Amino acid sequence: MSAPTHPFPMHVGVQEAREMLAALLPTPGVETVPLSAARGRTLGADLRARVSHPSATESALDGIAAREGDTLGASPASPVRLRVVGESRAGVPFPGTVGPGECVRIYTGAPLPPGVDAICPVEQLTDEGSEAVLLARPASPTDVRPEGGDFRAGATILTAGTLLTPPRVALAAALGYAEIPVRRRLRVALLSTGDEVIEPGQPLRPGQVYDSNRYGLQAMLEECGCDVLALGHAPDSPEALGEAIAQAGGADVLLTSGGVSMGRYDFMRDLLTLRGRVAFWKVRMRPGGPALLGGWNGLPVFGLPGNPVSSLVVFHVIVRPALTGQPVGTLRLRAGTPFRGLPDKTAFWRGVLRGGEVWDYGKQGSGVLRSLSEANALVVVPEGGAVQVGEEVEVMLL
């Protein structure tokens, strides 16, 4: 295949690249899954509480429940005696009403019986069987959990588009759901390319590298909640690439690594330019500038750089938010070391969090794959900017 003679499509900024990729992805349908299979999925519809939580006013500790007016004068010097008329425990509430001068033993999570409005903890009383001797008055209103204090029936608690983390799965259960609507998983075809790339475990000849991209990207796709169609590896040949892409039927998007830079053997770039469609070629970022968005017979294609560091960083910064619909999470920290800027690119330098600051990892070369396992942050330096020691800087956690 001869290289295209016409100019390549435009270079774009990071945010524009995210938005353009997201615009090509299909809107996921909605399916219902058991709560046990919901972790990591994206909620497909709002969830309203089917019950209130707590469902009744209940105790936050072990002790006795009594009328507050009966406890006000209690002290070690002047203890108050109350008659014990029963107990209330979680799931088995006291069936009667507590009158003046009476109390019931109560345990954490148990409903308060009618007539009581105070909890006296076990540490402040003596249990004498038929009587409880109070040595202090109740001190904290937080000892009582009011009915609906967490949420009330009918209220919208979780909204569509929410990522279902383990605490949110627990919350959905507390709302009363055994099954919940979630967005269908995107199906992503994954292909690595390059004559120099071989399968890990084989003997490595001079000039060859193991296929770290395919395994790293598949792990990241699974982390994003995608179904992965693994296409394996294709050598640097237009025919082999075409045959591999043809196996991506049924996928929502094809993700490739390698073959999108400026070299003579970057055939993925040439193939899409001549026979498919290209929306952009190159993103104004480092590492990871050579990245391509296009299409092949109606299938969206995002081409990542072949360099492993660049490939994984571009995925984290651009592909992940487009696939998940979740914004890139950032925070601002003080710089413990300077971070240089680039005149026409956004820099994503690897950093290490230390003592509430972020420090330069040190080895920023695109060939230092080890850095992505030892660094725990990407420090974002905008185009034309620079960060000095002590200045605040935007940080993406890895």
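Predicted model: local features only at pLDDT ≥ 70, side-chain atom pairs only at ≥ 80, totals over all residues.
Residues are numbered from 1 along each chain as its sequence is written, and side-chain values use heavy atoms, with hydrogens and water left out. The helix and strand names come from DSSP runs, numbered from the N terminus (H or I of at least four residues for helices, E of at least two for strands).

- As background, most residues other than glycine have a negative phi, and most peptide bonds are trans.
- Another cis peptide bond joins His53 and Pro54, with omega about -10°; Pro54 is in the loop between β2 (47-48) and β3 (58-59).
- Lys282 isn't a glycine, yet its phi is positive, near 90°. You'll find Lys282 in the loop between β18 and β19, and at 21% relative accessibility it counts as partly exposed.
- Asn297 also has a positive phi, about 50°, without being a glycine. Asn297 belongs to the loop between β20 and β21, and with a relative accessible area of 75% it is exposed.
- For those labels, buried means under 20% relative accessible area, exposed means over 50%, and partly exposed is in between (1.4 Å probe, protein chains only).

**Helices α4 and α5**

- Helix α4 (residues 238-245) packs with helix α5 (residues 267-275) at an angle of about 70°, their axes 10 Å apart. That makes α4 roughly perpendicular to α5.
- On the α4 side the contact uses Pro238, Leu241, Gly242 and Ile245, while α5 brings Phe267, Met268 and Leu271. Contact here means heavy atoms within 4.5 Å.
- Sorted by class, that contact has 6 nonpolar residues, 1 polar and no charged. Nonpolar covers Ala, Val, Leu, Ile, Met, Phe, Trp, Tyr, Cys and Pro; charged covers Asp, Glu, Lys and Arg; the others, Gly among them, are polar.
- α5 is mostly covered, with 7 of its 9 residues buried. The buried ones are Phe267, Met268, Arg269, Asp270, Leu271, Leu272 and Thr273.
- Those buried α5 residues pack against α4 and several strands, including β13 (187-193), β17 (253-257) and β18 (277-281).

**Helices α3 and α6**

- Helix α3 (residues 212-223) and helix α6 (residues 308-324) pack at an angle of about 20°, with axes 11 Å apart. That makes α3 roughly parallel to α6.
- How are such angles worked out? Axes are lines fitted to C-alpha atoms, for helices over the stretch in contact, and angles run from 0 to 180 degrees between N-to-C directions.
- Angles under 35 degrees count as roughly parallel, over 145 as roughly antiparallel, 65 to 115 as roughly perpendicular and the rest as oblique.
- Among the α3 residues that meet α6 are Leu217, Met220 and Leu221, and their α6 partners include Leu312, Phe315 and Leu323. By class, this contact has 7 nonpolar, 5 polar and 2 charged residues.

**Salt bridges**

- The count comes to 16 salt bridges, each being a side-chain nitrogen of Lys or Arg within 4 Å of a carboxyl oxygen of Asp or Glu.
- Arg105 pairs with Asp127, their closest N and O atoms 2.7 Å apart. Arg105 is in strand β6 (residues 102-106) and Asp127 in strand β8 (residues 125-127), so to speak distant parts of the chain, 22 residues apart.- Arg184 and Asp252 form a salt bridge, with the closest N and O atoms 3.4 Å apart. Arg184 lies in the loop between β12 (179-183) and β13 and Asp252 in the loop between α4 and β17, so this pair ties together parts that are 68 residues apart in sequence.
- Arg184 counts as partly exposed at 34% relative accessibility, whereas Asp252 counts as buried at 12%.
- Arg81, Glu128 and Glu131 are linked in a network of salt bridges.
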